[in-house]
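Student: Can we go through the charged side chains in this one? I'd like to start with the terms.
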Amino acid sequence: MIARIWYGWTTRENADQYEKLMREEVLLEIARRSIPGYKGAELFRREASDEVEFITMLRFETLNAVKVFAGKQYEQPVIPPEAKRLLKRHSERSLHYSVVSLN
């Protein structure tokens, strides 16, 4: 199992809208793509001093499944334009970890 992790930050004013967009549109659209090996996603939110941090974690069976999702340059983040407009900043690459334990 591979966890694809990516960070994005919004202003406090955009945080609720970004969360809603991710939960109700972006992550559902990824699931609708029926990518072989896609195993789901989680969205984390953390309030910081003057911004809100979000972590998006997508799970895939293999790195090849990640590449089907993200393309040849699979470390590049995949950010829909409507989500990017709400972000204050974001990580320049997605990180990929082998999942060594699941409960």
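Tutor: A salt bridge is a side-chain nitrogen of Lys or Arg within 4 Å of a carboxyl oxygen of Asp or Glu. Lys and Arg count as positive, Asp and Glu as negative; His and the chain ends are not counted. Buried means under 20% relative accessible area, exposed over 50%, partly exposed in between (1.4 Å probe, protein chains only). This is a predicted model: local features need pLDDT of at least 70, side-chain atom pairs pLDDT 80 or more, while totals for chains, interfaces and linings use all residues. Numbering runs from 1 along each chain as its sequence is written, and side-chain values use heavy atoms, without hydrogens or water.

Student: Is arginine 4 buried or exposed?
Tutor: Arginine 4 is buried, yet has no salt bridge. Glutamate 75, the nearest side chain of opposite charge, is 8.2 Å away.

Student: So what does the side chain of arginine 4 reach?
Tutor: The backbone oxygen of tyrosine 74, at 2.5 Å.

Student: How many salt bridges does the structure hold?
Tutor: There are 14. One of them joins arginine 12 and glutamate 47, at 2.8 Å, N to O.

Student: Where do those two sit?
Tutor: Arginine 12 is in helix α1 (residues 12–32) and glutamate 47 in strand β2 (residues 38–47), 35 residues apart. Helices (H or I, at least four residues) and strands (E, at least two) are DSSP runs, numbered from the N terminus.

Student: Why does arginine 12 count as partly exposed?
Tutor: Because its relative accessibility is 40%.

Student: Which residues are linked in a network of salt bridges?
Tutor: Arg12, Asp16, Glu19, Arg23, Arg45 and Glu47.

Key. Polar contact = N/O pair within 3.5 Å; in protein donor to acceptor, adjacent residues only side chain to side chain.
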